[in-house]
Amino acid sequence: MRRAPAVVIAGAAGFAGIVAMHAGSAPSFLSGTGPPAPVSSSPTSTGPSTTPAVPPTGAARTALGTSEQYGYGVLAVKVTVRGSRITDVSVARLQTAEQYSQRLAQQAIPVLRNEVLSAQSTHINGISGATYTSEAYAYSVQSALDLLGVK
Amino acid sequence: MGTVVSFHVEPGECPVADAQAAVASACARLHELDDIFSTWKPGSPINRFRAGRLRLDEAPPEMALVLELCEQARVLSQGWFDPWAMPGGFDPTGLVKGWAVEQALAILRLAGVDAAIVNGGGDIAVLGLPKDAHAWRIGVRHPWRPEALACVLETDRAVATSGCYERGPHLIHPRDGRMLFRTASATVVGSSLPLCDAMATALVVADDDGPEIARSLEGYEAYMIGVDGKEIATEGIVFATAGVT
Amino acid sequence: MSAPRIESVLLVKSLPVTGPILEGRFRKVRIDMASVTFDPTYAPHSGKHRRQSVISRPGTAPRPVVADVAMVLAGLGFGACIALAVTAETWKQLAARGGVAMFLGNLTGLSGTYLALIMVLLVSRIPVVERVLGQDKLLAAHRRLAPWPISLIVAHAVLLTFAYAEAAQTGVWGQVGAFISSYPDMLTATIALVVMVAIAVTSVYSIRRRLRRETWWAVHLFMYLALALAFAHEIALGPSFVGHPLTRFVWSVLWASSAGLVLVYRFGLPLFRTLRHRLEVVEVHPEGPGTVSVVCRGRHLDRLAVAGGQFFEWRFLTKGMWWQAHPFSLSARPRPPFLRLTVKGIGDYSSAVARLRPGTRVAIEGPYGAFTTHARRRSRVALIAGGIGVTAIRSLLEDLPRDCDPVVILRASSAEELALASEVAELVRHRKGRVHELVGSRSEVRIDRLSELVPDLQNRDVYVSGPEGFVNRVVATVLRLGVPKDSVHFEVYSL
């Protein structure tokens, strides 16, 4: 086919165009870090931490784990440690593909009865929420821990 | 199972070293249970059981216990919690996590600590009461603002929350396989954490029937947030007022 | 000598008339049609046929750049599809259980469906593209491309079933059940897949051979339904689409536009032309053994833009024939209100054409074909016709300018089979060219005599039309003799 070279070049251009457009947003396969060092594909319950009643020594350090794409959105976890103990793990960045939750996130948030509370400034013993069971969560936590030099 | 478990222990009269040892052994126990029940691990007993390659009498005894609990939960939730209706086959994950956390707490209780709170990815089991307080203060995560709380509950019992705001529709309607629900988040407070876990899941799946089911279970309280921001709570729910900003 | 037009009537051998009813009108019609064979501006004095002097519109000139642009866009889109699948993936997901199969499943789904879109566009008969490439080439490309989208889509289904089963640690059949019962739009997607596979199976040559052409075609039409059914699950479940409204929008626009193009150009425009021109058979007369010409009359034929060498798909609306559409070239430029096609009688259908009664309504699709003077690159031409291929050559000749010195080669097994030879001869004479009639069996006549017959072949545009074997042989010879590829134009007659 005479036009074959033009078609092939157009294909490469189309490919490159989409990749360029995508690189602006969530990191992926192509722009992110390479394949992980042999990691078992099954995340286990990562190291629990103990917080005895005595306040832990050392200043609190916080790190943000890598943003992990988990197929339907992007998730990044923030980990706070004191010394080598994890004192807090929270989701810092969440972008879901769920249509209605995205819509809700953008529209005026309906006011809940007690106003929106900040988890930091309220004294609480724990937070209950639906769990992140995806690997993205565990990997993000692990990367934050790696950044903090814990374990 | 891919979650982070955190322990907060007030040893009280129990020696700190014992408390730490108890925590360590509770962690070990959690790993054991993870080995049995993790659907992410190829060849785990739960996966083999699901694929029909492992009989109940050959499986670890915990498996039978969990199955029994699932059955009870299914009955109590009027069928809305149904681990047998999951697309991949029998999947007790919704209940196992709470049960595992409760098992971990039991080890701490045996060690004689004064008070403890074990939080496994949002499933909270408590022992005793915190110092200088009459109840544990548990924040409920805001369904669509990741860093915020929707409210703070005061309780002396276990708390579990379920919702479909994390990775999109992953909860399956047991009757017709629908994937979207109108309840964004459901929190259940009660004495048995695995049952709280199961009930919370059931309330999300049950849509309009949720409040009625919540009321039907004696001794368990529920707090639900709809996708429109509307909140429904049973009478026994206690919201913290002091110290809330 | 009397005026050339009368002479031409005498030259044409008197052949048996097909029915007594036509006798009265026979001569007049023959005069009109025969008279225009060499003088395009002839205006007869007959009062019965109105405005016969008006010449029909010439075909619109094709713009080759359209085909180039279309192909480049197709390539661009394909590259973009691959990129969409790749950018939706992460190392972690690949490492997860079933991850590689899931990625490949997404990749094959996207690329396979995109190629299916190209397949639809190839047969959508968009005029700007069809004029440049020709319906026959578009159909050939459609057939050649076909195995790819179907294989990719089947692979997509298989791979994703395995991937999901692996991730959920369940059996494959359990996973199939799960797909159908709990995932949105998967039931329709599964039905679509089954339909596609069925169509693919019927198109396998050994099976297609056993089916009647109409049966095969009716089954094939269900492909539109399958593609429509599959659309919903792509948007609802594809990782490149969920949460990416722009991608969803573009994909939807692509499919909606293609559907629109098909509706307009594949179905709408032919219907419009049929209703507007209201063709009906006026006369059927033999041209030679087994060959008949069918003359049709229609309205507004002056507004039908046709180039010499083009063809229509003809559907004669009479019992036993209305469900079939067959392609036949016009064997002369339309002379409003008449046009003529000439058909060789091979098979039941063509024999049925010979028995058509006057007054039979005709539905048309077209005009199609790039076998026209517009494709010409040089001023001199060589026209080579085998058997019934002479019809396209005959009408093409009318479009060639005077004094262009065409060389025409007519090939037939026997002298009587040289249909329309006299008309061709007159047309060629008028253009100061020459005709060579090569009659005889294949062993007697060697086609590589071409270089002797046309010494300056390399400097001419060569048009070849006829049965497939003939065309292939001649084209191969012509290329070997040094004619550049762009100057070789061919049309294959297949039955």
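Predicted model: local features only at pLDDT ≥ 70, side-chain atom pairs only at ≥ 80, totals over all residues.
Reader: Which residue of β2(C) is the bridge partner of C:His285?

Author: That partner is C:Ser293.

Reader: And how many residues lie between β1(C) and β2(C) in the hairpin?

Author: The hairpin formed by these strands has two residues between them, and C:Gly290 in the turn has a positive phi of about 80°.

Reader: How many of the ten residues of β1(C) are buried?

Author: Eight of the ten are buried, so the strand, which covers residues 279-288, is largely enclosed by the rest of the structure.

Reader: What about β6(C), how many bridges join β1(C) to that strand?

Author: Two bridges join them, and the two strands run antiparallel; in one of the pairings C:Leu279 has C:Val362 of β6(C) as its bridge partner.

Reader: Switching to the peptide bonds, is the one from C:Pro336 to C:Pro337 cis or trans?

Author: That bond is cis, with omega near 5°, and C:Pro337 lies in the loop between β4 and β5 of chain C. A cis peptide bond also joins C:Gly366 and C:Pro367, where omega is about 5°, but C:Pro367 lies in strand β6 of chain C.

Reader: OK, now the sheet with parallel pairing: what's the strand order?

Author: The order is β9-β8-β7-β10-β11 in chain C, and these five strands make an open sheet. Because β9 (434-439) and β11 (488-493) stand at the edges with a single partner strand each, one side of each is left without a neighbour in the sheet. Neighbouring strands are turned by 10° against each other on average, with direction ignored.

Reader: How many bridges are there between β8 and β9(C)?

Author: There are six, in the parallel sense, and C:Arg411 has C:Leu438 in β9(C) as its bridge partner.

Reader: Which helix packs on that sheet, touching β8 and β9?

Author: Helix α16 of chain C, residues 421-430, does so, and its direction makes about 155° with that of β9(C).

Notes: Residues numbered from 1 in each chain as written. Chains lettered and ligands numbered in written order. Heavy atoms only, no water. Pairing = 2+ DSSP bridges. Helix = DSSP H or I, 4+ residues; strand = E, 2+ residues; numbered from the N terminus. Axes fitted to C-alpha atoms, helices over the stretch in contact; angles between N-to-C directions. Contact = heavy atoms within 4.5 Å. Buried < 20%, exposed > 50% of the residue type's maximum accessible area, 1.4 Å probe, protein only.
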